[in-house]
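Please open the model in a viewer and keep the selection panel at hand.

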Amino acid sequence: MRSADELLDAARRGVRAAGGEALARAVGERSVTARLARSAPTQATDVERVRVEILCVRDGHTGLAVATGLDDAALAAAARRAHDVAAAAGHAGPGDFPGLPAPAVARGHDGFDAATAALDARHAGGELGAALAESERAGVELAATWTAGAVTEAVASSRGLEATDAVTDAQFKAVAGPLAGPRGYAARTAVGAGAIDVAAVAHEAIGRASSRGRPVAIGCNEVTVVLGPDAVAELLDLLGAMAFDGRAHAEGRGALSGRLGQRVAAPGISLSDSVRFPGTLPRAFDAEGVPKAPIPLIQDGVAHRVVHDVRSAARAGGGQASTGHATTPGGAVAGPGPRNLVLAGGGATNEAELAAPVERGLYVTRLWYLNPVRAKETLVTGVTREGTFLIEDGRIAGPAHEVRVTDSVLRLLSATEALTRQPRLVGTTQFYGPRFAHGVVCPALRASGFRVTAAV
Amino acid sequence: MLDALVDLMDAAASRCAYADARWVDRSRESASVVDGAIEAIGVSDEEGIGVRVRVDGAWGFAATQDVSRAGLEGGLRRALALAEGQPRRPGAAPLAPVGPARGSWEGPCAVDPFGVSLEEKLGLLLAADEAMAGDARIARRRASTVAERTVKAFASTDGAACEQAFTECGGAIVAVAVEGGELQVRSFPSAHDGDVAQAGWEHVRALDLPGHGARVADEAVALLSAPPCPAGPTTVVLGSEQVALQLHESIGHALELDRMLGSEAAYAGTSWVAPDDVGSLRYGSDALNVVADATLPGGLGTYGWDDEGVPARRFRLVEGGRLVATLSSRETAGATGLGGSGGAMRADGFARQPLVRMTNVSLEPGDGGTLEDLVSGVDEGLYLETNRSWSIDDRRLHFQFATELTREIRGGELGGLRRNAVYAGVTPRFWASLDAVGSAEAWRVHGLLNCGKGEPGQLAHVSHGTAPARFVGVDVRTAE
């Protein structure tokens with residue numbers, strides 16, 4: 001694992017090699033992932049890698065090149081390519097990139113756990129063994145994934161920015177039950193692997209899989225629903241892209257375009273991007289080195305802000321500045337996005353209290369394959385998966401068949417009646433590409449009119 | 001590099017039941033013009049080695065960017081340690097046998113995309129962007145290209161020692177129109193990053209992105225004021241790109257043998273199809289013939305050998321509506337008693353271990369003629385084109401898809417635009433409603449870059465050959 005000093009040195013050399021206006025971001029990763037299926041180990045992966053992104057800015061155009069070595073030759077080659085593509089774009093006239101951000105000091109955080117960073121890869125097998133022991137005790141088949149990673153990052157720019165950051169993350173999720181029968185799901189994500197009790201998570205999943213009785217079919221209808229934190233997080237993660245991308249907002253494509261200052265959710269809904277909220281996965285700065293700061297997105301049900309990178313802020317005009325939400329140096333075409341969503345908790349003690357006033361409704365553990373149908377209206381579709389129950393007379397009455405749901409996320413938040421007090425972190429990344437752990441901190445909630453559109 | 005991998009495998013042979021090592025060097029260039037501005041020109045090079053070992057039935061995989069001989073040995077040691085630390089797996093079936101992969105293979109490339117000047121590429125994108133400009137209701141225009149070259153070397157303790165080279169190119173244009181609360185989008189030649197093929201820059205030139213810009217923008221604007229799609233069961237003709245997505249989601253993934261065996265239950269899911277269903281399950285109508293073809297010219301799932309050294313094959317998955325085979329690996333083939341792997345193991349770069357992935361899963365041409373011929377047989381129905389939204393359950397059984405464009409069909413002819421169509425179904429019932437498949441002249445290959453699976457996540461590149469197809473009694477809804 002490369003040290004922060006090594007990465008900062010590489011970033012400095014990348015900036016020097018680029019000459020002119022440039023930013024370099026060096027990221028080192030060490031991660032381990034191990035999986036179970038049908039109560040047997042399947043795959044185990046140990047990854048060490050590093051990448052240096054060099055952004056050159058020429059006449060308002062950006063060129064981004066990525067090197068996977070820290071030696072001078074690799075950095076020089078990447079810098080040359082970044083320069084060449086930015087210069088080639090300049091032949092078409094000046095571009096609209098406003099320039100690199102001024103240096104600013106980022107605050108520290110508690111998102112690094114030294115013990116997790118130092119984990120031996122063989123530790124993964126021990127964690128899976130603990131989960132297996134739980135499944136053998138219960139006589140229930142288990143599929144599971146345990147993963148932990150450490151990511152160190154350094155950013156330097158021609159404007160004098162120099163900063164480093166180090167984060168860790170760990171996640172365990174379990175799916176219990178036979179392939180052809182009702183299954184249960186449970187998962188936990190944390191900064192440190194030591195904070196996750198693998199056996200307890202497996203036990204929770206097994207409990208959900210072991211509910212007695214035949215699943216009850218729920219017809220296509222609008223039902224009152226209690227959504228567990230995993231289901232809420234899936235919806236909010238998608239809402240983040242549909243509603244708070246400052247670039248889409250500025251272009252009139254966003255779900256909140258023209259709606260800031262208006263009520264878009266129930267008064268009990270306060271959603272923010274809060275990078276240092278207890279239980280989240282903090283980080284110090286974004287991909288352009290801009291310090292991250294908390295931003296209210298929906299406050300007491302009223303739409304407040306969207307998030308920006310350097311490019312989207314310039315597009316938005318009105319003197320707006322980056323809010324520290326760049327996902328790529330120079331800004332991604334897809335736009336900036338919140339990565340530390342926090343939905344404030346409500347007054348309910350637990351999920352049972354949420355279910356208590358429900359005469360007949362659904363409890364949903366998680367949602368799957370959610371995708372926008374009409375993003376501007378936050379209309380999404382997806383299916384329930386592994387842990388859907390019928391609520392009758394205020395209590396969980398037994399398992400329910402899975403269903404397809406097609407509903408608007410903002411409508412659901414407008415119809416939210418109550419939330420549990422204590423939110424928890426739900427990991428919302430599957431680690432495609434370089435490791436970048438993020439998640440949503442949210443409680444369970446109860447909402448009316450949940451739109452079930454098909455039985456599954 | 002191949003010699004070093006072979007030496008590493010010699011060193012590994014006495015330390016585990018099986019090992020393989022894969023060196024991957026991948027270069028990528030992407031460029032976008034958004035609303036007339038050149039942005040997001042990116043280039044990357046990534047080189048590294050992945051070493052995979054099997055010890056007492058448990059796998060260990062380690063990835064490193066240190067490609068020295070010492071780095072390779074370090075990777076092997078890490079993979080062994082990881083495998084040895086896994087819970088024991090007594091009784092795991094041996095891998096299905098395969099002859100040693102030897103030699104080299106290279107995909108087609110007439111015009112080296114990395115030899116084409118950036119000026120030419122940007123000129124093409126600016127022209128395509130300009131062709132979409134003009135109407136104030138267009139909130140965003142985007143034109144993009146991508147080029148990728150991957151060079152691989154592979155060796156295993158079963159005697160494999162082979163090298164391969166792949167070149168992929170593609171492009172796309174997208175126009176987003178907004179008026180009031182309504183947003184409509186049109187893409188060409190397809191959604192999902194456009195049409196990418198295993199080919200050189202000649203493929204991008206042939207797409208003629210500027211030539212389609214005005215139509216794409218006009219259609220996006222016209223959809224803003226189109227009537228909502230009528231709801232109810234009806235006859236539907238799907239454009240070939242939407243057939244490709246339908247095939248991908250409800251047949252390709254469902255027939256991955258690792259999913260069928262439960263290996264992906266913790267993330268991607270399982271399958272409604274069981275291994276025992278092969279040979280007897282009716283998957284669809286007699287018109288349904290599906291082939292897995294890793295030899296398809298230009299396909300993104302085309303190669304000499306998969307990432308276990310199994311040679312590329314072409315074989316039927318579904319014949320006359322009946323399931324006849326699955327997509328398999330050496331491990332899944334061994335576990336189910338197949339004589340050999342179907343050669344469908346692939347990995348995303350050096351830092352991921354191979355998984356069962358689709359090769360080019362294609363719907364074979366039928367005798368339905370052209371799109372116009374298929375439409376001419378419909379008295380009243382809908383034509384749906386270009387995917388906009390997609391969702392399917394974790395068993396690949398219940399799906400709901402939406403398309404960008406809908407046209408009414410009346411009296412055997414395409415009529416006016418309709419917007420916000422959604423259709424839903426259950427996989428075997430939907431494919432049982434397949435009434436006709438377009439003929440060879442309407443059949444074309446569609447490339448996708450965003451097929452996700454695995455933990456840590458992997459994106460696979462895969463193509464599907466399809467023609468427009470007609471389905472009866474489809475559950476169509478409106479998303480309004």
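Two strands are said to pair if DSSP finds at least two bridges between them. Helices (H or I, at least four residues) and strands (E, at least two) are DSSP runs, numbered from the N terminus. The model is predicted: local features need pLDDT of at least 70, side-chain atom pairs count only at pLDDT 80 or more, and totals for chains, interfaces and linings use all residues. Residues are numbered from 1 along each chain as its sequence is written, while chains are lettered from A and ligands numbered from 1 in the order in which they are written.

**Stop 1**

In general, strands of a sheet pair through backbone hydrogen bonds, either parallel or antiparallel. Strand 19 of chain A runs antiparallel to strand 20 (residues 439-442) of chain A, and four bridges join the two. To see one such bridge, display Leu425(A), whose partner in strand 20 of chain A is Val441(A).

Axes here are lines fitted to C-alpha atoms, for helices over the stretch in contact, and angles run from 0 to 180 degrees between N-to-C directions.

**Stop 2: a helix pair in chain A**

Select helix 4 (residues 123-138) and helix 5 (residues 198-209) of chain A. These helices pack at an angle of about 35 degrees, with their axes 8 Å apart.

Which residues make the contact? Helix 4 of chain A contributes Glu127(A), Ala130(A), Ala131(A), Glu134(A), Ser135(A) and Ala138(A), and helix 5 of chain A contributes Val198(A), Ala199(A), Ala202(A), His203(A) and Ile206(A). Two residues are in contact if their C-beta atoms, placed from the backbone, lie within 7 Å. The contact of helix 4 with helix 5 of chain A divides into seven nonpolar, two polar and two charged residues. Ala, Val, Leu, Ile, Met, Phe, Trp, Tyr, Cys and Pro count as nonpolar, Asp, Glu, Lys and Arg as charged, and the others, Gly among them, as polar.

**Stop 3: between the chains**

Display both chains. In this interface, 69 residues of chain A are in contact with 67 residues of chain B. Strand 2 (residues 40-58) of chain A supplies the largest share of the chain A side, eleven residues. By class, the side of chain A that touches chain B has 34 nonpolar, 19 polar and 16 charged residues.

Next, select strand 2 of chain A together with strand 3 (residues 58-64) of chain B. The two pair in the parallel sense over three bridges. Thr45(A) has Phe61(B) as its bridge partner in strand 3 of chain B.

**Stop 4: a helix pair in chain B**

Select helix 3 (residues 118-132) and helix 5 (residues 209-224) of chain B. Their axes come within 7 Å and cross at roughly 20 degrees. That makes helix 3 of chain B roughly parallel to helix 5 of chain B, since angles under 35 degrees count as roughly parallel, over 145 as roughly antiparallel, 65 to 115 as roughly perpendicular and the rest as oblique. Helix 3 of chain B passes helix 5 of chain B in a right-handed crossing. By class, their contact has ten nonpolar, one polar and no charged residues.

**Stop 5: an antiparallel sheet in chain B**

Two bridges join strand 11 (residues 314-319) of chain B to strand 12 of chain B, and Val318(B) has Leu323(B) as its bridge partner in strand 12 of chain B.

**Stop 6: backbone details**

Finally, select Pro189(B), in the loop between strand 7 (182-188) and strand 8 (195-197) of chain B. A cis peptide bond joins Phe188(B) to Pro189(B), with omega about -5 degrees.

Conventions. A crossing is left-handed if the near helix is turned anticlockwise from the far one by less than a right angle, and right-handed if clockwise.
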